[in-house]
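Let's take a friendly walk through the inside of this protein. Please have the sequence and the model open as you read.

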Amino acid sequence: MSSIRHLAGHTWHGRRGAVSNAFRYGVDFILIDPDASALAPGLFSRNSSNLASLHDADAGGPPGKGTGIQWLRSVLREGGVTVADGRVLLLTQPRLMGLGFNPVSFWLCHDSEDRLRVVVSEVTNTFGDRHSYLCHRDDLGPITAADHLEATKVFHVSPFQPISGGYRFVFDIRPDKISIRIDLTTNGEGLVATLAGPLRPLTNRGILSACLRRPLGAARVLGLIYYQAIKLKLKGAPYRIRPEPPTSDVSR
């Protein structure tokens, strides 16, 4: 049986403020231990071409130039986080038919007793920029679904949202399902984004189903992003020019 888990779930976004907008789409993520040799179905490959694949360059550093788990270890070390000394899991969207684009991936960092201690939320925008938020409790205690982890927004994601305000992350990570909520508040406006779904072993059938349900992979993701942007523009949402990205690639 595959040791890689498949989240065939959905994402929901709801905008607050004068210009309202909401949408819900199906998504396919995988949960993988990038440190281990994973048992995988035949239609999935690591660092090589296949119907579904994951490349180290896809996560952990600049888009297309990532170093995967090595980058994550350096982020934890430079952040002075020593409690996350156990396994690391990466929750991300795989490439489908060689195409990939991840608006957000999550590095789930555990301690030696396999308790979640740190989450690194790796955010990528459509302009080719990437920034990550190092999320943990103030006391570095185990993260549960009751915790609200806060971070100051410093990165341009949507041209219809300002670079101001703060994020509130909620992570409900269980062996059989995942639920993540990101709440952005800025001057009484903002948005809520969620990711949720059951976790099952990744199979060839699951990969084929993902390709049939959501063809074109990354092209579909980008197309939906641009479609929602057009809707917001037509509704009169103000458009903001992309600023220079932060000088640091991680907010600690």
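## The largest cavity

The largest cavity has a volume of about 150 Å³. Among the 14 residues of its lining, Asp28, Gln93, Leu96, Gly217 and Val221 lie closest to the centre. Strand 2 (21-32) and helix 3 (218-235) are the elements that give two or more residues to this lining. By class, the lining of the largest cavity holds 7 nonpolar, 4 polar and 3 charged residues.

A few words on terms and origin. This is a predicted model, in which local features need pLDDT of at least 70 and side-chain atom pairs count only at pLDDT 80 or more, while totals for chains, interfaces and linings use all residues. Residues are numbered from 1 along each chain as its sequence is written, and side-chain values use heavy atoms, with hydrogens and water left out. A cavity is a set of points, on a 1 Å grid over the protein atoms alone, where a 1.4 Å probe fits but cannot get out; lining residues have an atom within 4 Å of a point. Grid points are joined across faces, edges and corners, and a volume is the space filled by probe spheres set on the points. Ala, Val, Leu, Ile, Met, Phe, Trp, Tyr, Cys and Pro count as nonpolar, Asp, Glu, Lys and Arg as charged, and the others, Gly among them, as polar. Helices (H or I, at least four residues) and strands (E, at least two) are DSSP runs, numbered from the N terminus.

## The second largest cavity

Searching the whole structure turns up 3 cavities of 30 Å³ or more. Strand 2 and helix 2 (204-213) each supply at least two of the lining residues, and the lining divides into 9 nonpolar, 2 polar and 1 charged residues.

## Helix 1 and its cover

Which residues of helix 1 (residues 69-78) are buried? They are Ile69, Trp71, Leu72, Ser74, Val75 and Leu76, where buried means under 20% relative accessible area with a 1.4 Å probe, protein chains only. Their cover includes strand 5 (88-92), strand 7 (104-110), strand 8 (116-124), strand 9 (130-135) and strand 14 (250-251). After helix 1 comes glycine 80, with a positive phi near 70°.

The structure holds 0 disulfides, a disulfide being a pair of cysteine sulfur atoms within 2.5 Å. Cysteine 109 is in no disulfide, and the nearest cysteine sulfur, in cysteine 135, is 10 Å away. That distance is too far for a bond. Cysteine 109 counts as buried because its relative accessibility is 0%, and cysteine 135 counts as buried at 3%.

Notes:
Buried < 20%, exposed > 50% of the residue type's maximum accessible area, 1.4 Å probe, protein only. Contact = heavy atoms within 4.5 Å. 1 Å grid on protein atoms, 1.4 Å probe; cavity = no way out; pocket = protein on both sides within 12 Å on 5 of 7 lines; lining within 4 Å.
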